[in-house]
Amino acid sequence: MTIVASVDDEERSKAVVKEAATLADRFDEPLHIVSVYEESEHDHLLNEKINIDEKATDEDRKEIARTVAERASEGISREHEVIGRTGNPAEEILNYATEVDSRYLVLGGRKRSPVGKALFGSVTQSILLDADRPVVAVMDSN
């Protein structure tokens, strides 16, 4: 089994990785840090970043996602693997957790207003509702 941490390019991802590393240590499990690049949302930003006019390849997108996962894991000394995937984030994260038979799936959530406390971000909410394994949500303290 594996502990899977789902991260994005937000600062809260470092807290997600820290919690996932704690679980991986506690259960003596491998730690995998996964980021998913959603093509439609970021293509123009990626093209600006790598200074190209043509559409990025799938491998380019996976490399960007791996870089996001690497940044989120900076500072942890525990051995880990970074994984970059492309597609629908909730689907890809759940598929990956199934592929590696994860013990826990760790992801971030945002603090909401009193009216919105029952709601998480769409990816977090989808994973919480559709996961077939334990999910740990690390809430943003801001």
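Predicted model: local features only at pLDDT ≥ 70, side-chain atom pairs only at ≥ 80, totals over all residues.
A word on ground rules: local features need pLDDT of at least 70 and side-chain atom pairs count only at pLDDT 80 or more, while totals for chains, interfaces and linings use all residues. Residues are numbered from 1 along each chain as its sequence is written, and side-chain values use heavy atoms, with hydrogens and water left out.

The protein chain has five helices and five strands, taken as DSSP runs (H or I of at least four residues for helices, E of at least two for strands) numbered from the N terminus. Going along the sequence, the pattern reads β-α-β-α-α-β-α-β-α-β. Out of 142 residues, 40% count as buried, meaning under 20% relative accessible area with a 1.4 Å probe, protein chains only. Contacts here are heavy atoms within 4.5 Å. Among those with a separation of 6 or more, 71% link residues 24 or more positions apart.

Now to the inside. A nonpolar core is a set of buried Ala, Val, Leu, Ile, Met, Phe, Trp, Tyr and Cys residues joined through side-chain atoms within 4.5 Å. The largest one has 15 residues, and Ile3, Val7, Val16, Ala20, Leu31, Ile33 and Val106 have the most contacts inside it. As for Val7, its contacts beyond four places in sequence include Val16, Ile33, Val34 and Ala69.

Helices H4 (residues 89–99) and H5 (residues 122–130) make a pair whose axes come within 9 Å and cross at roughly 40 degrees. The axes are lines fitted to C-alpha atoms over the stretch in contact, with angles from 0 to 180 degrees between N-to-C directions. H4 is therefore oblique to H5, as angles under 35 degrees count as roughly parallel, over 145 as roughly antiparallel, 65 to 115 as roughly perpendicular and the rest as oblique. Pro89, Ala90, Ile93 and Leu94 of H4 meet Val123, Ser126, Ile127 and Asp130 of H5.

Ile127, in helix H5, has 1% relative accessibility and so counts as buried. Leaving out residues up to four places away in sequence, Ile127 touches Ala90, Ile93, Leu94, Leu105, Leu107 and Val135. Leu107 is 20 residues from Ile127 in sequence, and their C-alpha atoms are 9.0 Å apart.

Key:
Buried < 20%, exposed > 50% of the residue type's maximum accessible area, 1.4 Å probe, protein only.
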